[in-house]
Amino acid sequence: MIVVAGEALIDLVPQGVGALIGLQPALGGGPYNTAVALGRLGSPTAFCSRVSADAFGEALLDGLRGAGVDVSSVQRGAEPTTLAVASIGAGGSASYSFYVEGTADRLFTAPAQLPDATRAVSFGTCSLVLEPGASAYEELMRTVAARGVFTALDPNIRAGLIPDADAYRARFKSWLPSVSLLKLSEEDALWLGGTPREWLASGPAAVVITRGGDGLTAFTRDGAVHSVPGEKVEVVDTIGAGDTVNAALLHGLAARDALSASAVADLGPEGWTELLRFAARAAAITCSRAGAEPPYASELDAP
């Protein structure tokens, strides 16, 4: 089982142009989207978070269940659901403003244990920024990594939520010894500073950088670099594309029984090329439809 730990929220997506245009609620949050995508791809998946007991929270849980995701590790709270107001720019790129004060997901506490079948845990996005939950997710990351569990991190930077950029950058570096797979966008890499080689030296077995329509590149500890181009598609928006990449990478590694640092090191050029192409195809499908709607296994060839 792959466990995804992090926030679930509601994206409010504009249905046209203008500050007062109608907003369509959509299920979202980077970790949430990753869990749904994994479930749709057919990977046994569990979600670990704290979700509101309000109507939005119930809809979020229904979405997870509909994708076949185990929600037994989800904590519940009476506080409201976090809201993210999306703004769609040229080329379908999305930016967000957030309503996070007093919301349920930031009050997450680290669980005593995860499902017995856990093989990997994925972390990222707002959940590693907003306290006190951020410290609880960090605790969980360090705990599972110390037990030898494969960990994936997508920082998915939301700069507007980070009050002290330098403190966050230092904290990011402190996570790397506990990270097996680091995936981030070119924009995130630029904001964070550093290079894939520097990050690899701190712990991860591989670093994957997404380059939008230009594709994906993986860097590994042996000095190898593996790149694939993006899949050509008519982009509606990019909401959930990076989260789909996270899920596709984890799903593909699990299919190869490669959820360990040593197995990642043994993938080789052919294995990485197949894995990255699978992730690129999956992300392209997500970009071809509105909102975070990752593909089902039936829409893709095997990873």
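The legends below describe close-up views of a predicted model.

**View 1**
Strands of a sheet pair through backbone hydrogen bonds, in either a parallel or an antiparallel way.

**View 1**

**View 2. Strand 12 is paired with strand 11 and with strand 13.**
Strand 11 and strand 12 run parallel and are joined by five bridges. Leu-182 has Val-207 of strand 12 as its bridge partner. Strand 12 and strand 13 (residues 216–220) are antiparallel, again with five bridges. These two strands form a hairpin with five residues between them. Gly-212, in the turn, has a positive phi of about 60 degrees.

**View 3. Both faces of strand 12 are covered.**
Ala-206, Val-208 and Thr-210 are buried on one side, and Val-207 and Ile-209 are buried on the other. Five of the five residues of strand 12 are buried, so the strand is largely enclosed by the rest of the structure.

**View 4. Thr-210 belongs to strand 12 (residues 206–210).**
Thr-210 has a relative accessible area of 12% and is buried, because buried means under 20%. In strand 13, the residue opposite Thr-210 is Leu-216. Leaving aside residues up to four places away in sequence, Thr-210 touches Lys-183, Leu-184, Ser-185, Glu-186, Gly-215, Leu-216 and Val-245.

**View 5. The largest pocket has a volume of about 1200 Å³.**
The pocket is lined by 47 residues, of which Ser-185, Glu-187, Thr-238, Ala-241 and Gly-242 are the closest to its centre. Several elements give two or more residues to the lining, including strand 2 (9–14), helix 1 (30–41), strand 8 (94–99) and strand 11 (181–185). Helix 5 (186–192), helix 7 (241–255) and helix 9 (268–287) are also among them. By class, the lining of the largest pocket has 18 nonpolar, 17 polar and twelve charged residues.

**View 6. The loop between strand 9 (120–124) and helix 3 (133–146) contains Pro-132.**
A cis peptide bond joins Glu-131 to Pro-132, with omega at about 5 degrees. Thr-125 is found in this loop too, between strand 9 and helix 3. Thr-125 is not a glycine, yet its phi is positive, at about 65 degrees. Most residues other than glycine have a negative phi, and most peptide bonds are trans. With a relative accessibility of 5%, Thr-125 counts as buried.

**View 7. Asp-257 lies in the loop between helix 7 and helix 8 (261–265).**
Asp-257 has a positive phi of about 55 degrees and is not a glycine. Its relative accessibility is 57%, so Asp-257 counts as exposed, the cut-off being over 50%.

Notes: Residues numbered from 1 in each chain as written. Predicted model: local features only at pLDDT ≥ 70, side-chain atom pairs only at ≥ 80, totals over all residues. Heavy atoms only, no water. Helix = DSSP H or I, 4+ residues; strand = E, 2+ residues; numbered from the N terminus. Buried < 20%, exposed > 50% of the residue type's maximum accessible area, 1.4 Å probe, protein only. Contact = heavy atoms within 4.5 Å. 1 Å grid on protein atoms, 1.4 Å probe; cavity = no way out; pocket = protein on both sides within 12 Å on 5 of 7 lines; lining within 4 Å. Points joined across faces, edges and corners; volume = space filled by probe spheres on them. Nonpolar A, V, L, I, M, F, W, Y, C, P; charged D, E, K, R; others polar. Pairing = 2+ DSSP bridges.
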